[in-house]
Amino acid sequence: MAENYEAEDRTEDAAFIERIAASLRAPEHAQPSFEERLMEQVRSEGSALYPGLGSSDVSWWRRKRVIRLSPLTGMAMAAGISAIIALSGIAIGSRIGAPNRNVARTVQPAAVPDTVQLVRFVFVDSRASSVELVGDFNEWTRGSATLKLSGAPGVWAVSVPVTPGRHEYAFIVNGSRWVADPLAVRTSDDFGTESSVIRVRVPGKSET
Amino acid sequence: MTGSSDAELIAEVLNGNIDSFAGLVRRHQDACARFAMRMLGSRVDADDVLQSAFMRAFRGLRGCKDPEHFGGWLYQIVINECRTYASRQRRREQRFPSAAAAIENAVAPGSEGEVDPDVGGHIERALSTLPSDQREAFLLKHVEELTYEEIAEITGVSVSALKMRVKRACDTLRGLLEGVYHG
């Protein structure tokens, strides 16, 4: 008898989900002007990307390209590179010093399985009552990485598994204050909100 | 041009016939639009994501290793674009929690026992409350009707994790929508 009820439940469940899914299967169309707008952009970039076979007998990836950089762009690139190197320096030689307010450090030590690395995020704020870490590696979800006081006053830390590559993150202090890591490279989203950038290396590779 | 296969259209584009890309757009835009709409819950957002996804596909067309399966490759790009978009949204919500709370309240399900004629609206609102990974898995499985193996290939998530996500999504939707259907 109980088995019959279970079987009926399962059938009802499937029927219920099917009703929901059927409603969501209704066709949707892109906006009428979509193709026109898209193709305009495609044409503006297309000739440079796909010049056609007749234009050269050299493979596209072997063709020489002239890249012009303004002095400002060059400086910006150099600054970017040194920021990445500086970040690696922090990872190698990080030591938590006297707790200044609002100092955060990202230490990248422990090795972990396969492609994931355990990254230790450290945040120093003697007046904080709680610190959370949000980033693209936890889908910016609050509550999934809460920093804990790690001994020294005002020093908060948490270790989080992160895949190699570029990641953005920030701290949420006292439940509401958004703080980008002051010691890491900064980036802004479309709305001007600043976050920090960490590049996690593939174990065994020197590239940042 | 419409009779050409995806692989033929791709070859034409790579050979410099840029307008052939329009054939690929026409063939795939509606399927991608539906997924993006259901994922993001907004036509305008879906439109932005589609534009960005198709441009990424165009720029990376040489990276499409299997032109006969351009649709699957494009799906992968659309899913990634939706994830990036949702992630940005989430970041914005974390930055401005009061606005996020207002949005959450706005999508609360109808009161128990009430049968609303706008069942589709209820379903879309309930869908929007799911975590994005569960919503993605549910849509690919039950709306786009892909197999778990196909979804795993596209998303890079294991079959067992996908099954768990779909089950959780179904449980949540049932909890939110039972009142709507069974009054």
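# A tour of chains A and B

Of the 208 residues of chain A, 21% count as buried; that is, 20 or more other C-beta atoms lie within 10 Å of the residue's own, with C-beta atoms placed from the backbone. This is a predicted model: local features need pLDDT of at least 70, side-chain atom pairs count only at pLDDT 80 or more, and totals for chains, interfaces and linings use all residues. Residues are numbered from 1 along each chain as its sequence is written, while chains are lettered from A and ligands numbered from 1 in the order in which they are written.

**Colour chain A by confidence.** pLDDT is the predictor's confidence in each residue, from 0 to 100. Chain A averages 69, and 60% of its residues score at least 70. Select residues 54-101 of chain A: pLDDT stays under 50 there. The model gives this stretch 33 contacts beyond four places in sequence. A contact means that two C-beta atoms, placed from the backbone, lie within 7 Å. Residues 108-113 of chain A also fall below 50, with 10 contacts beyond near neighbours in sequence.

**Switch to cartoon.** Chain A shows 3 helices and 9 strands. Helices (H or I, at least four residues) and strands (E, at least two) are DSSP runs, numbered from the N terminus. Along the sequence the pattern is α-α-α-β-β-β-β-β-β-β-β-β. Of the contacts in chain A with a separation of 6 or more, 59% join residues 24 or more positions apart.

**Select β3(A), residues 131-135.** 5 of its 5 residues are buried. Val131(A), Leu133(A) and Gly135(A) point one way, and Glu132(A) and Val134(A) the other. In a regular strand the side chains alternate between the two faces of the sheet.

β6(A) runs antiparallel to β3(A), joined by 5 bridges. Strands pair if DSSP finds at least two bridges between them. Find Gly135(A): its bridge partner in β6(A) is Tyr169(A).

5 of its 7 residues are buried, so β9(A) is largely enclosed by the rest of the structure. 5 bridges join β9(A) to β6(A), again antiparallel. Gly165(A) stands opposite Val200(A). Now show β8(A), residues 185-188, which pairs with β9(A) in the antiparallel sense over 4 bridges. Here Arg186(A) has Ser196(A) as its bridge partner.

**Stop at Pro161(A).** This residue lies in strand β5(A), residues 155-162. Pro161(A) has 15 C-beta neighbours inside 10 Å and so counts as partly exposed, the class between buried and exposed (12 or fewer). Draw a line to Phe137(A): 24 residues apart in sequence, 8.3 Å apart C-alpha to C-alpha.

**Cross to chain B.** 41 residues of chain B are in contact with 40 residues of chain A. On the chain B side, α2(B) gives the most, with 10 residues.

**Finish on α3(B), residues 43-59**. α3(B) has 17 residues and reaches 24 Å from first C-alpha to last, close to the 24 Å expected at 1.5 Å a residue; the expected span is 1.5 Å times one less than the number of residues. Select its buried residues: Ala46(B), Asp47(B), Val49(B), Leu50(B), Ala53(B), Phe54(B), Ala57(B) and Phe58(B). They cover an arc of only 165° around the axis, which puts them on the same side of α3(B). The arc is that of the directions from the helix axis to the C-beta atoms.
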